[in-house]
Amino acid sequence: MAPKAKKAKTDQPRFHMNLSKAVTQDYESCSFVDLAKAPVSALQGLSAQAAEGLGKLRLCEVRDLGTWKYYKVAKAIAGLAPCEEKGKRDPESVMNIDWAIDSEHESRSLREILKLPPSALQGLAASADEVLASLQVK
């Protein structure tokens, strides 16, 4: 006699979280772990040309985009710039981001740094400006 088939649990919570407007249809049902390993083309709105450009910057997986040090620095500068007040720096302050910005830009305000090309970030080659500009990243 064959064992009885297990009944599906009907008391399980019904999950509603989805990324249907953020990822392509092929990746809508995958786990976050798998999505992080997915090619950047898994993100909705990134064309094959965009993925190729990102590949030139060694950004091949979704995880690469979120963990890219230049993205993190740029996001921090953009987020903190509105908190900066002109002429209010304490003369005793030692605060700086000289580890993140090319030396010729170290004395600028965060608002001024935001207007610079991406290559002003320390270690990012000038050739990256063109690649990023093609992706509408300034």
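## Trp68 and its core

In this predicted model, Trp68 touches Leu57, Leu59, Leu124 and Leu132, leaving aside residues up to four places away in sequence. A contact here means heavy atoms within 4.5 Å. Trp68 is also among the residues that touch the most other members of the largest nonpolar core, together with Leu57, Ile77, Leu121 and Leu124. That core has 22 residues. A nonpolar core is a set of buried Ala, Val, Leu, Ile, Met, Phe, Trp, Tyr and Cys residues joined through side-chain atoms within 4.5 Å. Buried means under 20% relative accessible area, exposed over 50%, and partly exposed in between (1.4 Å probe, protein chains only).

In soluble globular proteins, nonpolar side chains tend to be buried together.

## Fold and overall shape

The chain has six helices and zero strands. From the N terminus, the order is α-α-α-α-α-α. Helices (H or I, at least four residues) and strands (E, at least two) are DSSP runs, numbered from the N terminus.

The radius of gyration is 22 Å, well over the 14 Å that the globule rule gives for 138 residues, so the chain is more spread out than a compact globule. The radius is taken over C-alpha atoms, and the rule is 2.2 Å times the number of residues to the power 0.38. Along the principal axes, the C-alpha atoms fill a box of roughly 85 × 35 × 20 Å. Of the 138 residues, 25% count as buried. Among contacts with a separation of 6 or more, 35% come from residues 24 or more positions apart.

## Two positive phi angles

Most residues other than glycine have a negative phi. Arg58 has a positive phi, near 65°. Arg58 sits in the loop between α2 and α3 (62–67). Its relative accessible area is 75%, so Arg58 is exposed.

Gln136 also has a positive phi, about 65°, and is not a glycine. Gln136 lies in the segment after α6. With a relative accessible area of 67%, Gln136 is exposed.

## Basis of the values

Residues are numbered from 1 along each chain as its sequence is written, and side-chain values use heavy atoms, without hydrogens and water. As the model is predicted, local features need pLDDT of at least 70 and side-chain atom pairs count only at pLDDT 80 or more, while totals for chains, interfaces and linings use all residues.
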